[in-house]
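Hi everyone, thanks for having me.

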Amino acid sequence: MAVWLVPAIVAAVIGIGLFKKVNIYETLTDGAKEGMQTWISIVPHLVIMMAAVTIFRASGAAGELASWLAPLLSLVGIPADVVPLALMRPISGTATLAMLDQIMQEHGADSYIAKLAAIMQGSTDTTLYVLAVYFGAVGIKKTGDALKIGLLADAAAFLFSVLAATWLL
Amino acid sequence: MVSVAFAFLILAGFIFAAVNGTMAEVNEALFQSMGQSIELAISLAGILLFWTGVMKTAEAAGLVKGLADTVQPLLARLFPEVPDGHVVFGYIASNMAANFFGLGNAATPIGLKAMRELKKLNGDQDTASRSMITFLALNTAAITLIPTTVIAIGMKNGATDPTDIIIPALVATILSFFFAIVLDRYYAFRRRR
């Protein structure tokens, strides 16, 4: 289904554009030019964010924090094996995809741990990335409660994942 | 808050590395990450330019405005500061739809456009308005119908049924989406007092 979705959307936009006598080549390229400016404003945020996340992860601090939190989180039903993934999820999407791969190799792709990790990964987004890119691109310096809301929603998603994995799998 | 989060990641990392002797690894990874972030940025660039082009065309054809009028009754309650019939409703709806269908690459450029419009509505200040925070919350907790990369990793590792996580993940993402909306309302209420 997904392979048809993008072509269908683009074709519909172009078709309706032509019908409404829009100069579609001009709007496409003008829009792309705007996209270029957006891109330029995103890059600094990407570089700094990835550097910070890398320092945190490569130092072993992320793993250490995960092992401190594991006993606490096991009280609410989050197994120790998925705690590192939960901890990294809001700050790095690529790191957690690699972790998910690792968990599946270790425990087997059909194990409860692997399924739970997959549900946790699939039901959340990389909060820090979204925040850095969205607010960074438009030059927002004071972000209000946005980060707090994003992180709390992630935490909630992990708890909901445990419930969903228990009842719906 | 974001500054604190970044300072924590960087300083905690360096202190931990100093204590545990992992400074060499940190140095290596740090310089690697700089190359990787530019690679990531380059891989994003084409998609970003392409989708902003498509969105601009959709806007010129009146499609975004049409969508805005359709979703206005639903979204107006979440974004009370946005004036009636404003085109940003169309961008917000397009962004949410792209997230829903797992078109993350299309969702970002559209979402940035929405964010820019919301900033204009807020008099171009560098403080996030209530609407901008709400929109960000909707994005960080966005509902995804089918988590394609997760399924791909399951397939790669030989899961018997890699798609069996779709329903539980959908339930978890929907619940957390509504939780984010409730949180957002709560914090907006607290700010006003």
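How many residues does the contact take from chain B and from chain A? It takes 85 residues from chain B and 82 residues from chain A, where two residues are in contact if their C-beta atoms, placed from the backbone, lie within 7 Å.

A quick word on the background. This is a predicted model, where local features need pLDDT of at least 70, side-chain atom pairs count only at pLDDT 80 or more, and totals for chains, interfaces and linings use all residues. Residues are numbered from 1 along each chain as its sequence is written, while chains are lettered from A and ligands numbered from 1 in the order in which they are written.

Back to the contact. On the side of chain B that touches chain A, helix 2 of chain B gives the largest share, 22 residues; helices here are DSSP runs (H or I, at least four residues), numbered from the N terminus.

Now let's zoom in on one pair. The axes of helix 5 (residues 93–107) of chain A and helix 7 of chain B come within 10 Å and cross at roughly 30 degrees. Axes are lines fitted to C-alpha atoms over the stretch in contact, and angles run from 0 to 180 degrees between N-to-C directions. That makes helix 5 of chain A roughly parallel to helix 7 of chain B (angles under 35 degrees count as that).

Who makes this contact? Helix 5 of chain A brings A:Leu97, A:Leu100, A:Asp101 and A:Met104, and helix 7 of chain B brings B:Thr149, B:Val150, B:Ile153 and B:Gly154.

Finally, chain B is divided into domain 1 (1–44) and domain 2 (62–192), with bounds from an automatic or database domain assignment. Their centres, taken over C-alpha atoms, are 29 Å apart.

Terms used
Helices (H or I, at least four residues) and strands (E, at least two) are DSSP runs, numbered from the N terminus. Angles under 35 degrees count as roughly parallel, over 145 as roughly antiparallel, 65 to 115 as roughly perpendicular and the rest as oblique.
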